[in-house]
Amino acid sequence: MLSKKQAKLFFLGGTFFFLIIFFGLTIDTLVNGVPQYTNDDKITEDVILGRHLWDSNNCMGCHTIMGEGAYYAPELTKVYERRGPDYIKATFNFPGGWRPHNRRMVEYNFTDQEKEGLVAFLQWIGETDLNGFPPKPKYKN
Amino acid sequence: MKFKSQKVAYYFFALSMLLFTLQIVYGFIMGFAHMGFDGLHDLVPFNAATATHKNLLVVWLLSGFMGAAYYIIPDESDTELFSVPLALVQFYSFAIVGVVAVIGFHIGWFEGRKFLEIPRPLDYLVAINVIVFLINIVLTIFKGKKHSTTSWVLTAGLIFVALLYLPGMVWFDNHTVDSFFRWWVVHLWVEGVWELVMGGILAYLLIKLTGVDREVIEKWLYVIIGLTFLSGILGTGHHYYFIGVPKYWLIIGGIFSALEPLAFLAMTLFAIKMYNKGNKKHPNKLALYWTLSTAIVAFLGAGLLGLAHTLPGVNLYTHGTLVTAMHGHLAFWGAYASIVLAIISYAMPLMTGRKIFDNNIGHLAFWLSNIGMIAMTAAFAAAGIAQVYLERITGLDFMVSQIEIQPHFFVLILAATLFSTGVALYIVNFIKFGLPNDEALTDGEEFKALQTN
């Protein structure tokens, strides 16, 4: 029967072994994977501004992006392709807050440059290779 | 209760109860908003409510873990806490940082990364606070005469909780890299080191409640946390399927996250086995109920419901839908909320000297909250599955499908009412115990007949 010492070895050995593999894969992902999958070279000043705004306004508190966030407002990974820049820009400062089907978005007060930044960020994320996400619907109405 | 300084735990437990209550209030705000009643939108927009709901959860659980450590470590090390004033300073600063963060969310002060919405300046304060806490705990262990496996596992868990907070404090221009490291914090917390903390508390409770030999319990504790890391570390991959990283994460994440339920299953079997094996029954039935329900519900919520949508082919459709909310609610409730409620149920009679171990309010609280949460999970499941079919299979517009699933939120709110009634009764019971006092001090052998080691 397993002794306490063997159980401890199983825990420490297993954890160490899988941590090493995890670190190795992390390095490969950051060095080889990310530049290939995300268009790392296309991250302009505008994209960075957009991401700062995305974070500091907690857009993920309602929307999802890459499927991550809250489930109150639409998934935005492909919103640039779906709606185009003008539609996106129209939503931000809409008087009283953008309100599709009566669900309300916060009314923002972004400058033109900030709007460009958010659009640039959404365009950049839309061009990322996400291994097939979001899936194409089977029946398109 | 053997040592005066263990009373410090009460502050943390009380803070837990308060923040848990608030968390539920924000849950209701969101549930109603999903149903179309967003009357509070101007005061508490949805993104503020969700940040508050999630961060209150994290803070009240951490507060519960800290309280548990302040109660358990002196007992296990057989010595007074290193410093009570330091613990109190740490308590008040922890509470203040929490309150500032919550107020900040309401005026739009965010860092906007799911689960890590607390702004960067406050992150530093949290880090300092946790370091102070850890110093107090580690010095207590070194001061003590005994060094138990249980206390080391608990402390190691808490140390790694602090260390793993750090990758979440770095800015990356690339959103994919940011997400990659955000999961180092969130996943390796809840499916890694938090399970060390939970395992440590669970082992302590089983030793106390069942009277089974410490060596046996601690041996299986190693096996369980071994299985946790064996599956959980590479299981991080299930968050990397669709964030812009290589395809090998689909295979690795799929295989190892399919193994993750094993650790929870082992925990369930272990708790039930120990319960059956213990020939002497502790009078604190409520603590025993919560301890066993932790092990069982954690397996259902974290293990089975996690497995239900973790395989890449399934997750492609369920990722970013309410199916995730289904899994999240029962997992956090079973694994972490319940273990905190278990240790509070165990410690309160001993800290206050009010030896009411078993009462109707306590039992009602237990059953209503558990049944309520399972019903909530079912409502989320119905909403989530409907959303997947409408939006991802038939291609209906997001908002159109949201309107179709509104009725499920009515069911959710009914279930949540049941759940909240249970939690309210738990808190009533908590308050009725009164404050801890020195008269409750004993030689630590409250149930001599039970001590088999």
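Helix H3 of chain B covers residues 84-106, and because 23 residues at 1.5 Å each should span 33 Å, the 34 Å between its end C-alpha atoms agrees with expectation. The expected span here is 1.5 Å times one less than the number of residues, and helices are DSSP runs (H or I, at least four residues) numbered from the N terminus. The structure is a predicted model, in which local features need pLDDT of at least 70 and side-chain atom pairs count only at pLDDT 80 or more, while totals for chains, interfaces and linings use all residues. Residues are numbered from 1 along each chain as its sequence is written, chains are lettered from A and ligands numbered from 1 in the order in which they are written, and side-chain values use heavy atoms, with hydrogens and water left out.

Several residues of H3(B) are buried, among them B:Phe91, B:Phe94, B:Val97, B:Gly98 and B:Phe105. Buried means under 20% relative accessible area, exposed means over 50%, and partly exposed lies in between (1.4 Å probe, protein chains only). The cover over these buried residues includes helix H1 (9-35), helix H2 (46-77) and helix H4 (120-143) of chain B. At the start of H3(B), a side-chain oxygen of B:Ser83 comes to within 3.1 Å of the backbone nitrogen of B:Leu86. After the helix comes B:Gly108, with a positive phi near 80°.

One of the covering helices, H1(B), has 27 residues and reaches 39 Å from its first C-alpha to its last, close to the 39 Å expected. Just after H1(B), B:Gly36 has a positive phi of about 110°.

The largest nonpolar core has 204 residues, and those with the most contacts inside it are B:Phe65, B:Tyr71, B:Trp189, B:Trp194, B:Ile201 and B:Trp333. Such a core is a set of buried Ala, Val, Leu, Ile, Met, Phe, Trp, Tyr and Cys residues joined through side-chain atoms within 4.5 Å. Helix H6 (residues 175-210) of chain B gives the largest share of this core, 23 residues. The core also draws at least three residues from each of domain 1 (1-37) and domain 2 (41-141) of chain A; these bounds come from an automatic or database domain assignment. The centres of the two domains, taken over C-alpha atoms, are 36 Å apart.

The contact between the chains takes 83 residues from chain B and 72 residues from chain A. Together they bury about 6,700 Å², 64% of it on carbon and sulfur atoms, where buried area is the accessible area (1.4 Å probe) that two parts lose on being put together, summed over both. On the chain B side, B:Trp171, B:His175 and B:Tyr222 lose the most area to chain A, together 11% of what that side buries.

Some backbone details of chain A deserve a look. Most residues other than glycine have a negative phi, and most peptide bonds are trans. A:Asn39, in the loop between helix H1 (4-38) and helix H2 (45-56) of chain A, has a positive phi of about 55° and counts as buried at 19% relative accessibility. A:Asn102 has a positive phi near 70° and is exposed, with a relative accessible area of 55%. The peptide bond from A:Phe133 to A:Pro134 is cis, with omega near -10°.

Technical notes:
Helix = DSSP H or I, 4+ residues; strand = E, 2+ residues; numbered from the N terminus. Contact = heavy atoms within 4.5 Å. Polar contact = N/O pair within 3.5 Å; in protein donor to acceptor, adjacent residues only side chain to side chain.
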